[in-house]
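Morning, everyone. Please have a look at the model first.

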Amino acid sequence: ARDERRPTRARDERRPRPSAAMGKKDKMGANPLMAYKKAMKQKEIKRNKKQSTERKEAREFLSDPAALGAEISRLEEEARHSAEARGKLSALRAHQVVLNKRLAADEKREPKELGYAGAGPRGAPRPPGQA
């Protein structure tokens with residue numbers, strides 16, 4: 001009897017449902033405070049990632065003075081046109097000052113102070129007179 005009144009549609013031919021479910025039509029979206037916090041968190045993650053890459057580059061330059069000098073000479077050309085390059089150049093020059101001070105201090109030290117003395121005797125030292 002039902003088949004005579006109206007033909008049935010295949011599942012894919014059915015009309016799509018409205019996107020908003022019942023009772024959710026009035027809401028405008030997520031809590032604005034939570035949206036703000038999420039945006040700030042994303043901003044902080046991006047800033048931390050940038051800072052960590054800068055610190056990693058600084059560590060690499062402090063271990064290799066030749067690479068530091070080459071990077072400074074490369075940035076001196078870019079610094080004429082870019083404010084970002086000028087900032088990076090000043091930071092690298094500060095790293096170069098630190099590196100030069102460290103190298104000068106290492107030259108004055110004795111090898112023992114630098115940790116080249118070698119391994120000491122094994123075990124605790126024995127008091128004199130005991131075998």
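A salt bridge here is a side-chain nitrogen of Lys or Arg within 4 Å of a carboxyl oxygen of Asp or Glu. Side chains of opposite charge can pair when their charged atoms come close.

Some ground rules. This is a predicted model, where local features need pLDDT of at least 70 and side-chain atom pairs count only at pLDDT 80 or more, while totals for chains, interfaces and linings use all residues. Residues are numbered from 1 along each chain as its sequence is written, and side-chain values use heavy atoms, with hydrogens and water left out.

Now confidence. pLDDT is the predictor's confidence in each residue, from 0 to 100. The chain averages 77. Helix H2, residues 32-63, scores highest, with a mean of 91. Helix H1, residues 2-5, is lowest, at 58. Helices are DSSP runs (H or I, at least four residues), numbered from the N terminus.

How many salt bridges does a search of the whole structure find? Five.

Take Arg74. Its side chain meets Glu78 in a salt bridge, 2.4 Å from N to O. Shared partners join Glu71, Arg74 and Glu78 into one network.

Buried or exposed? Buried means under 20% relative accessible area, exposed over 50%, partly exposed in between (1.4 Å probe, protein chains only). Glu71 is buried, at 16%. Arg74 is partly exposed, at 39%.

How values were computed:
Helices (H or I, at least four residues) and strands (E, at least two) are DSSP runs, numbered from the N terminus.
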